[in-house]
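Subject: Structure handover and findings

Dear colleague,

Please find the structure below, followed by an account of what was found in it.

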Amino acid sequence: MTDIRCTCRTPRNAGATIWLTGLPSAGKSTIARTLAERLRAEGHRAEVLDGDEIRRFLSAGLGFSRADREANVRRVGLVAEVLARNGVKAVVPVIAPYADSRDAVRERHAASGADYVEVHVAAPVEVCRERDVKGLYARQAAGELTGLTGVDDPYEEPVSPDLRIESGHRTVPESADAVYAVLAERGLV
């Protein structure tokens, strides 16, 4: 007897990249982890590709020049696209400061038919400086760090993201719910 399985795309097996971009300490990673937990609890295959972990392993050796930042974004974009094409929800919290790098990632997804959702986790530098999760703003203020995105290195805000979250005015659960709602609108959950 032949085993015939449905290869139809259902929300549970639909892959996608959920790309969260914003300044350091804007809340990207916290929102990403909260969203991924909810997706997993519902039976979705979800992976968080955290920018810090990617830099430690996949992009080890890259610095923070524009070229190195773009190479890092292209690498994480490739991994996310491959996961998305294979039925995984890749939740990607990365700064990705340059519009052309983010556009290249979006175009790669479009070319392969992988769903892509760009979320701008927007918080003013003042809010990020208060949070200063990794101590980057304090180090920059003390003169120990240069090239901090949004302070002395540019951050090009997305012009038309699929969702913009004002993370200084929303709780983490509210922010994750807003991303989930976009996924639901697109039939991905």
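Contact here means heavy atoms within 4.5 Å of each other. Helices (H or I, at least four residues) and strands (E, at least two) are DSSP runs, numbered from the N terminus. A residue is called buried under 20% relative accessible area, exposed over 50% and partly exposed in between, with a 1.4 Å probe and protein chains only.

The model is a predicted one, in which local features need pLDDT of at least 70 and side-chain atom pairs count only at pLDDT 80 or more, while totals for chains, interfaces and linings use all residues. Residues are numbered from 1 along each chain as its sequence is written, and side-chain values use heavy atoms, with hydrogens and water left out.

Helix H7

Helix H7 (172-185) has 14 residues, and its first and last C-alpha atoms are 20 Å apart, close to the 20 Å expected at 1.5 Å a residue. The expected span of a helix is 1.5 Å times one less than its number of residues. Buried in H7 are Ser175, Ala176, Ala178, Val179, Tyr180, Val182 and Leu183. These buried residues pack against S1, H1, S4 and strand S5 (163-166).

Ala176, in helix H7, has a relative accessible area of 5% and is therefore buried. Leaving aside residues up to four places away in sequence, Ala176 touches Ile31, Thr34 and Leu35. The C-alpha atoms of Ala176 and Arg33 are 8.9 Å apart, although 143 residues separate the two along the chain. After H7 comes Gly187, with a positive phi near 70°.

Helix H3

Helix H3 (66-85) has 20 residues and reaches 28 Å from its first C-alpha to its last, close to the 28 Å expected at 1.5 Å a residue. Its buried residues are Arg69, Glu70, Ala71, Asn72, Val73, Val76, Gly77, Ala80, Glu81 and Ala84. They pack against S1, H2, strand S3 (89-93) and H4.

Ala71 is buried, with a relative accessible area of 13%, and its C-alpha atom is 8.5 Å from that of Ser101, 30 residues away along the chain. Val82, also placed in H3, is partly exposed at 33%; Val82 and Gly51 are 31 residues apart in sequence and 17 Å apart in space, C-alpha to C-alpha. H3 is followed by Gly87, whose phi is positive, near 80°.

Helix H4

Which residues of H4 are buried? They are Ser101, Arg102, Val105 and His109. They cover an arc of only 100° around the axis, so they lie on the same side of H4; the arc is that of the directions from the helix axis to the C-beta atoms. An α-helix has 3.6 residues a turn, so residues three or four places apart point the same way.

The cover over the buried residues of H4 includes strand S1 (16-21), H3 and strand S4 (116-122). The face turned away from the buried side of H4 carries the exposed residues Glu107, Ala110 and Ala111. Gly113 follows H4 and has a positive phi near 80°.

Loop residues with positive phi

Most residues other than glycine have a negative phi. Ala96, in the loop between S3 and H4, has a positive phi near 45° and counts as buried at 3% relative accessibility. Asp132, in the loop between helix H5 (125-131) and H6, is not a glycine either and has a positive phi of about 35°. At 15% relative accessibility, Asp132 counts as buried.

The largest pocket

A pocket is an open set of points, on a 1 Å grid over the protein atoms alone, where a 1.4 Å probe fits, with protein on both sides within 12 Å along at least five of seven lines; lining residues have an atom within 4 Å of a point. The largest pocket has a volume of about 780 Å³, a volume being the space filled by probe spheres set on the points, which are joined across faces, edges and corners.

The lining of the largest pocket comprises 37 residues, of which Pro24, Asp52, Ile95, Lys134 and Leu136 lie nearest its centre. H1 supplies the largest share of the lining, five residues.

Yours sincerely
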